[in-house]
Amino acid sequence: MAAAVTSSRPYHIIIFGATGFTGQFVVEEVARCAAESPDGSRLKWAVAGRSRQRLGDVLTKAAERLSMPELRTDIEIIVADVSIEESLAIMCQQGLVILNCVGPYRFFGEPVVKACVENGAHYLDICGEPQFLERMQLEYHTKALDKGVYVIGSCGFDSIPADLGILYTQRQFKGTLTAVEGFLNITSGPAGSSGHDATWQSAVHGFADSGSLRQLRKKFGQKPLPVVGAKVKKRGFVFFSKEMEQYAIPFMGSDPSVVRRTQRHFYEEDHQSPVQYTAYPGQETPHHVSIVLLLWLFTKSGPTMKQIEDTCFSLTFFGEGYSEGTDPAQGRPNTKICTQVIGAEPGYVATVSAIVQAALTLLNELHSLPRRGGVYTPGAAFHKTSLIERLQNHSIKFSVKSYD
């Protein structure tokens, strides 16, 4: 482990919100990675939340599921509450990286970001709420940069597959990639797909905040990104995709927002041509699009283990651009590429793998992250690291399907 713990900061990773539905899966994944790693014995981690009793129950359950009885006794419990600033400060002073699993982030996220920045702990979350993510960038980027702290949101299924998928596509493209359309498919077994109510609450608040998001974006004072090459054609609200041979609608999650911020980062910092990105979830019929993707079944108990095991996702990218030596200002794009990111169940397997691998990458490759701190998207933060290679070994695969 490249980043060293100290007597005053004894943990590499602290999982905040470990008793939540997603948090419990994060606990198990961190435990697995610690055990699998050659230097796993040196990965020090702890769990944090409001109830010591419930945190103990989570560790007991994980110990039984993973056949790791030592989790009951060897993992420290930290009591911390988003409404008690001092408790968050004490938590953040003990860890190098805080994994924040407490949502909706619009209501509960900022106190944790603030505590991390003020107390020198790096921050990762699995937020899919654009308004929160962009507001944290506006209000905390300079503070985090001054403190040498990295704040990296949307490190789960929202939005690592899309954000790093675009970076992967750019790397595989020989020339100037100018536009990408992404199509998301979620496939489930006979028991169907399901999500936990807390996931639904976060999604609703992310979708419902579009008005304040527009006002927030004005505060950045940013000029529109230039359109390089041909402008991406607008699709209808429900349309049939010839490429995927299925119906699709515009994606209402955080992926387009996150990818746009990443592309702006590369344009402003590295003078790299920005890629236009549009995203669409799809299904076989218009009826399935609205029912399966807009009203995915969310319950208080969350999905069963069978539902989780039988569900997977694919995110297919159709990109176009200009071959090496061709001027994007002259004529239509002359080269196409199709790439794909596939993975296990998105909400509680892929998300969990993504944030844990992001945390381990941050700990081991801190020197490869931009500047010396700040608020970043996953793509901006991790583009010079081995995160894509790590994900290839942990539930999320990247590949080129065609290139012509």
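This is a predicted model: local features need pLDDT of at least 70, side-chain atom pairs count only at pLDDT 80 or more; totals for chains, interfaces and linings use all residues.
The salt bridges in the model number 14. One of them joins the side chains of Glu110 and Arg135, with an N to O distance of 2.9 Å. The two partners belong to distant parts of the chain: Glu110 is in helix 6, Arg135 is in helix 7 (residues 130–147), and 25 residues separate them. Glu110 has a relative accessible area of 23% and is therefore partly exposed, whereas Arg135, at 17%, is buried.

A further salt bridge is formed by the side chains of Glu181 and Arg235, at 2.8 Å from N to O. This pair also links distant parts of the chain, its members being 54 residues apart. Glu181 lies in strand 7 (residues 175–187), and Arg235 occupies the loop between helix 10 (210–220) and strand 9 (239–241). With a relative accessibility of 9%, Glu181 counts as buried; Arg235, at 22%, counts as partly exposed.

Within helix 11 (residues 255–270), Glu268 and Arg264 are four residues apart, so about one helical turn separates them. Their side chains meet in a salt bridge with an N to O distance of 3.1 Å. Arg264, by contrast, has a relative accessible area of 13%; because the limit for a buried residue is under 20%, Arg264 is classed as buried.

## Helix 6 and its end

Helix 6 spans residues 110–119, and its buried residues are Val112, Val113, Ala115, Cys116, Val117 and Asn119. Glu110, the residue of helix 6 that pairs with Arg135, is partly exposed. After helix 6 comes Gly120, which has a positive phi near 75°.

## Positive patch on the surface

A patch of positive charge on the surface brings together Lys233, Lys242, Arg332 and Lys336. One of these residues, Lys336, is located in strand 14, which covers residues 335–344. The relative accessibility of Lys336 is 52%. Because a residue counts as exposed when its relative accessible area is over 50%, Lys336 falls in the exposed class.

His12 is part of strand 1 (residues 11–16). The residue is buried, its relative accessible area being 3%. A polar atom of the His12 side chain lies 3.3 Å from the backbone oxygen of Arg42.

Cys312 is located in strand 13, which comprises residues 312–323. Its relative accessible area of 34% makes Cys312 partly exposed. Although Cys312 and Ile342 are 30 residues apart along the chain, their C-alpha atoms are separated by 7.6 Å.

Note on methods:
Residues are numbered from 1 along each chain as its sequence is written. Side-chain values use heavy atoms; hydrogens and water are left out. Patches are made of residues with over 30% relative accessible area and no salt bridge: like charges are joined within 9 Å, nonpolar side chains (Val, Leu, Ile, Met, Phe, Trp, Tyr) within 5 Å. Accessible areas come from the Shrake-Rupley method with a 1.4 Å probe; for residues, only the protein chains shown count as cover. A salt bridge is a side-chain nitrogen of Lys or Arg within 4 Å of a carboxyl oxygen of Asp or Glu. Lys and Arg count as positive and Asp and Glu as negative; His and the chain ends are not counted. The place of a charge is taken as NZ of Lys, CZ of Arg, CG of Asp or CD of Glu. Helices (H or I, at least four residues) and strands (E, at least two) are DSSP runs, numbered from the N terminus. Buried means under 20% relative accessible area, exposed over 50%, partly exposed in between (1.4 Å probe, protein chains only). A polar contact is a pair of N or O atoms within 3.5 Å; within protein, one must be able to donate a hydrogen and the other to accept it, and residues adjacent in sequence count only if both atoms are side-chain atoms.
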